[in-house]
Amino acid sequence: MSTIHRTQDFTIIREKDDVIIALRDYKKGEVIERNSSSTITLTEDIPKGHKIAARQILAGENVLKYGYSIGVAKEQILPGSWIHTHNLATGLSGLLEYEYEKTEPEALPAPPAHLLTFDGYLRPNGEAGIRNEIWIINTVGCINKVCEALARMGEGEFKGRVDGVYHFPHPFGCSQLGDDLKYTQQLLASLVVHPNAGGVLVIGLGCENNQVDDFKSFIPAEYHHKVRFLKAQETDDELSEGMRLIEELVEQAEHTRREPLPLSKLKIGLKCGGSDGFSGITANPLVGVVSDLLVAAGGTAILTEVPEMFGAETILMNRAANQGVYDELVKLINGFKQYFVNHGQNIYENPSPGNKAGGITTLEEKSLGCTQKGGRSEVVDILSYGNRTTKPGLNIVEAPGNDLVSVTALSAAGAHIVLFTTGRGTPFGGPVPTVKIATNSDLARRKKHWIDYNAGQLLEGISMDDAAVQLLSQLVDIASGRAETNSEQHGFREIAIFKDGVIL
């Protein structure tokens, strides 16, 4: 997102905005020169990343940032005052009715010619993988430790023959009923068929609700060649039998070699976590530009965190490719709001304590920053939780904002890589390479072992176009196996499953 005015100390995003964003800590009495004829004297100390009132705002007035309302003033706010939770409240309430006002799609810039290919693994059905790994997927949490032992043994035994042997523990698969069980089965099945896995060992215990034979029906027949199944209660030694099956999978997978593939085969997930006041002016808009570059090349971008679209959802809705996609997105948004209502929770109880400490006050503000990861592309499809993308372009998948759950859903939807923007930092990595993008340089310098790219450079002179090419080039290197993310190097890989149902 371009800004109308930026110095090394502050930024103003849109001409009609009521707020100035502090790029450093300010002290009471300091003077901000907005332009040659306008100055503002600060009435109090204001932390870095937080909002300064650019004008007098009356109680009950909307406060604008990014050109949109981020909430309503609780009281009169004087110029130079700190705007935060003490004087700004959400303006959102209840379920809404929407009307489709289609935004005509913009022409998207194409990536540089040298970034139009990557070296990946071509799968028999034409899909691409960026890793050639063996995954162990358990149908039930009771055998997490068996699977963990097999992954450790397999990694030692078959090192160098494939890109690794990995298990992703979870506690579900037993004592679940109805749709809740089906959601778990669909999510796990979508991981089984993920093209980053050259082979998959599915292990069940034998007495769980998620029976291996039932689970097989969620895996399309075209993928059965790369899957082996094991029922632990029906074999005398599940470890030796598991290793035998893993060796079969390795022997099959190791014959696949990397080859040049078009960028159009790449799919990226878009995620933010631990957002701060810089997320919406550095990392998120940068990811949006990279997303647009990929879509322009025929690739796929996947956006989620549905509750963090509330307050900015109409921007996405009006970019729907057609009425059908629009209707599905309305259904998704209102359905997630009803989920809050069904559990007796405030729909707009967001942002998190970490978000607030970083300068984000209301859900509208968080959402307007969050949705920028989707760039300017048309929304081409809406996916139910656990389902996989089938259409190139910008897709939206049903999942909450929780970091582990949403990254897992993005991976299951087919993302080869997840771009994870953060202003607070996190070591977490999903089942696919998870690229941590810092919103500010302080975090990037302090947490070098977490952060893969520093979007804080955008506040220090680098242009958005140059940063986007840098980041896309890094993604091509990761996709080609020439580089690993920090989370991969440290072995930080895990999943979490969205649960909504009774446990027996």
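Biologist: Which helix gives the largest share of the lining of the largest cavity?

Modeller: That's helix α9 (residues 363–370), with 4 residues of the lining. Keep in mind that this is a predicted model.

Biologist: What makes this space a cavity and not a pocket?

Modeller: A cavity is a set of points where a 1.4 Å probe fits but cannot get out, whereas a pocket is an open set.

Biologist: Which residues lie nearest the centre of the largest cavity?

Modeller: Tyr66, Asp276, Ser279, Gly280 and Ile360, out of 15 lining residues. Sorted by class, the lining has 5 nonpolar, 6 polar and 4 charged residues.

Biologist: And how much space lies in the second largest pocket?

Modeller: About 470 Å³. It has 16 lining residues, and Tyr183, Leu332, Ser384, Tyr385 and Glu398 are the closest to its centre. The classes there come to 8 nonpolar, 4 polar and 4 charged.

Biologist: Which element supplies the largest share of that pocket's lining?

Modeller: α7, with 6 residues. Elements that each supply at least two are α2 (178–192), α7 (323–342) and β20 (379–383).

Biologist: Why is α5 called largely enclosed?

Modeller: Buried means under 20% relative accessible area. In α5, 12 of the 14 residues are buried, so the rest of the structure largely encloses this helix. Among them are Pro285, Leu286, Val287, Asp292 and Leu293.

Biologist: How do you know what span to expect for α5 (residues 283–296)?

Modeller: Take 1.5 Å times one less than the number of residues. For the 14 residues of α5 that gives 20 Å, and the helix reaches 20 Å from its first C-alpha to its last, so by this definition the span is close to the expected one. Just after α5, Gly298 takes a positive phi of about 95°.

Biologist: What about α4 (residues 238–253), how far does that helix reach?

Modeller: With 16 residues, α4 reaches 22 Å, close to the 22 Å expected. Its buried residues are Gly242, Met243, Leu245, Ile246, Leu249, Val250 and Ala253.

Biologist: Why do you say the buried residues of α4 line one face?

Modeller: Looking down the axis of α4, they fall within an arc of 165°, so they line one face of the helix. In general, an α-helix has 3.6 residues a turn, so residues three or four places apart point the same way.

Biologist: What covers the buried residues of α4?

Modeller: The cover includes β13 (133–138), α1 (144–157), β15 (197–204) and β16 (227–231).

Methods
Residues numbered from 1 in each chain as written. Predicted model: local features only at pLDDT ≥ 70, side-chain atom pairs only at ≥ 80, totals over all residues. Heavy atoms only, no water. Buried < 20%, exposed > 50% of the residue type's maximum accessible area, 1.4 Å probe, protein only. 1 Å grid on protein atoms, 1.4 Å probe; cavity = no way out; pocket = protein on both sides within 12 Å on 5 of 7 lines; lining within 4 Å. Nonpolar A, V, L, I, M, F, W, Y, C, P; charged D, E, K, R; others polar. Points joined across faces, edges and corners; volume = space filled by probe spheres on them. Arc of directions from axis to C-beta. Contact = heavy atoms within 4.5 Å.
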